[in-house]
Amino acid sequence: MILSIYYAVPVFSQEDYVPSASNLEAREWFQDAKFGLFVHWGVYSVMGGGGDMGIAEWIMERKQIPVDQYEKLPDFFNPVAFDAAEWVSMVKEAGMKYITITSKHHDGFAMYDSKISDYNVVDQARYGKDIIGKLKEECDKQGIKLFFYYSQLDWHHPDYYPRGRTGNFTGRPESGDWDAYIDYMNTQLTELLTQYGDVGGIWFDGMWDQWDAPWRLDETYALIHELQPQTLLGSNHHKMPIPGEDFQMFEKDLPGQNSMGFNQTGIGELPLETCETMNGSWGYNIKDTKFKSTEDLIHMLVRAAGLNSNLLLNTGPMPDGRIQPENVATLKEMGKWMKQYGEAIYGTRSGPTGAKKWGVSTWKDNKIYVHILDAEDPVLYVPMAGQKVAKAYAYGSGEKITFKKQSEGVLLTLPEIPENIIDYIIVLEF
Ligand code: JFZ
């Protein structure tokens with residue numbers, strides 16, 4: 001049945017991809033939303049990183065656990081304290097507008113009710129309930145969009161062969177039918193896009209494992225656009241967007257930066273998203289207590305907005321289904337900040353200053369918001385691209401800011417900015 005849906009899709013080269021009106025609308029929504037929660041959750045969470053820093057959802061690969069041993073993990077996965085309503089309420093309170101959750105990570109284990117394989121949470125986990133289904137239901141109830149992370153790379157499926165850079169210590173036979181694997185993946189994607197109603201987007205990862213493999217991307221991308229034209233397709237391949245994609249993403253770097261060494265610094269025309277961890281791990285790592293401060297994370301969110309990008313901020317839920325309490329606390333603080341300052345973030349686009357050491361600017365309607373994160377000089381120049389500034393004042397207090405008109409912009413005289421201010425925002429009305 002499922003296969004027939006999938007094979008009925010005519011394959012157009014994605015070079016000719018024309019996004020639907022609903023897709024363009026979703027892109028606007030996405031750019032307005034600015035802030036989402038990334039969730040890395042799977043049977044690997046049970047191992048908590050195995051006592052090593054830097055290992056979580058990669059434990060199967062990094063500890064060279066063969067498939068038949070790793071297959072014992074689902075039986076230990078029993079998140080009795082998982083409460084979808086609590087998660088989604090937390091997300092809303094944080095000021096986030098969407099969630100992107102691992103539907104299948106590199107370990108190949110489906111966190112949803114897959115029919116094509118029983119290597120999934122309903123059939124094999126002790127928990128036995130559809131995590132993704134429960135979360136989707138609650139997201140719909142509370143008005144949060146749900147995106148699915150899906151790993152094209154698979155360390156479990158025998159037909160993921162020939163293999164790439166990873167997955168070579170799993171004890172799988174040195175043979176396999178690559179095309180059968182791609183068919184399997186397309187069937188799982190079909191399941192995800194037909195079993196759970198409207199999906200916010202598909203967040204691919206793993207192509208980097210073997211860039212030159214015959215991924216049949218045109219087919220997969222066409223299938224997704226056919227099943228749900230509005231769903232936003234993106235891929236963490238670290239290259240410029242490939243035809244058929246709807247947004248461009250960056251991993252642990254702001255657009256244009258490459259501190260990680262694997263990011264593409266080119267910025268295309270599509271909506272942008274940057275993902276980042278709250279400590280140093282994606283999945284749950286019991287030893288990783290290097291949590292970033294609320295201030296640093298807000299700065300990242302503001303800097304992302306100034307670069308026209310969303311921030312997808314990650315949490316790795318604990319094996320019992322609760323969100324790490326440190327993350328809950330930080331998200332609460334971020335939400336408090338967003339409640340007060342969200343006007344200068346939500347629905348904005350990047351402002352005229354570009355990204356500077358002192359901060360960034362955002363823009364909405366007849367206002368430019370100058371976000372001073374790291375004040376340097378007592379004067380600050382803002383180019384105005386032909387617009388005439390009528391008023392300048394501090395966001396919140398309304399305190400007047402002195403400015404001097406220049407030929408192409410304005411020169412702001414900054415007041416004394418108190419030490420404990422996370423983001424001093426000056427509003428320029430034109
Ligand atoms: C990928 C995943 O491997 C990781 O587990 C997590 O899901 C993250 C969001 O995305 O991270 C990568 C992918 C590729 C490289 C490094 C990290 N790479 O090619 O060096």
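Q: Aspartate 365 first. Is it buried or exposed?
A: Aspartate 365 counts as exposed, at 64% relative accessibility. Bear in mind that this is a predicted model.

Q: Where does aspartate 365 lie?
A: In the loop between β10 (359–364) and β11 (367–372).

Q: And what is its phi?
A: Phi of aspartate 365 is near 50°. That is a positive value in a residue other than glycine.

Q: What about alanine 385, where is that?
A: Alanine 385 sits in the loop between β12 (379–383) and β13 (391–394). Its phi is near 45°, again positive in a residue other than glycine.

Q: Buried or exposed?
A: Exposed. The relative accessible area of alanine 385 is 70%.

Q: Which peptide bond is cis?
A: The one from tyrosine 161 to proline 162, with omega near 0°. Proline 162 belongs to the loop between β3 (145–151) and α8.

Q: On to the ligand. How many residues surround it?
A: 15 residues surround the ligand. The closest are His40, Glu57, His105, His106 and Glu251.

Q: How far is histidine 106 from a ligand oxygen?
A: An N or O atom in the histidine 106 side chain is 2.8 Å from an oxygen atom of the ligand. Aspartate 205 also has a polar side-chain atom 3.0 Å from a ligand oxygen. For arginine 165, a side-chain N or O atom is 3.5 Å from an oxygen of the ligand.

Q: How much of the ligand does the protein cover?
A: The protein covers 87% of the ligand's accessible area. On its own, the ligand has 440 Å².

Q: Salt bridges now. How many in the whole structure?
A: A search finds 18.

Q: What does arginine 349 pair with?
A: Arginine 349 pairs with aspartate 32, and their closest N and O atoms are 2.9 Å apart. Arginine 349 lies in strand β9 (residues 349–350) and aspartate 32 in helix α2 (residues 21–33), so the bridge ties together parts that are 317 residues apart in sequence.

Q: Are those two buried or exposed?
A: Arginine 349 is buried, with a relative accessible area of 14%. Aspartate 32 is partly exposed, at 30%.

Q: And lysine 104, what does it meet?
A: Lysine 104 meets aspartate 154 in a salt bridge, 2.8 Å from N to O. Aspartate 154 lies in the loop between β3 and α8, while lysine 104 is in strand β2 (residues 98–104), so this pair ties together parts 50 residues apart in sequence.

Q: Buried or exposed, that pair?
A: Aspartate 154 counts as buried, at 1% relative accessibility. Lysine 104 is also buried, at 0%.

Q: What about lysine 115?
A: Lysine 115 forms a salt bridge with aspartate 113, with the closest N and O atoms 2.9 Å apart. Lysine 115 counts as exposed, at 52% relative accessibility. Aspartate 113 counts as partly exposed, at 21%.

Q: Which residues are linked in a network of salt bridges?
A: Asp179, Asp183, Arg216 and Glu219.

Q: Last topic, the nonpolar core. How many residues has the largest one?
A: The largest nonpolar core has 88 residues. Tyr70, Ile99, Leu135, Phe148, Leu313 and Leu331 have the most contacts inside it. Helix α8 (residues 178–194) gives the largest share of this core, eight residues.

Q: What does phenylalanine 148 touch?
A: Its contacts include Ile101, Ile132, Leu192, Tyr196 and Trp203, leaving aside residues up to four places away in sequence.

Q: What about a second core?
A: A separate core of 17 residues includes Trp358, Val370, Leu380 and Ala394.

Technical notes:
Residues numbered from 1 in each chain as written. Predicted model: local features only at pLDDT ≥ 70, side-chain atom pairs only at ≥ 80, totals over all residues. Heavy atoms only, no water. Core = buried A, V, L, I, M, F, W, Y, C linked by side-chain atoms within 4.5 Å. Buried < 20%, exposed > 50% of the residue type's maximum accessible area, 1.4 Å probe, protein only. Helix = DSSP H or I, 4+ residues; strand = E, 2+ residues; numbered from the N terminus. Contact = heavy atoms within 4.5 Å. Near = heavy atom within 4 Å. Polar contact = N/O pair within 3.5 Å; in protein donor to acceptor, adjacent residues only side chain to side chain. Areas by Shrake-Rupley, 256 points an atom, 1.4 Å probe, with all protein chains shown as cover. Salt bridge = Lys/Arg side-chain N within 4 Å of Asp/Glu carboxyl O.
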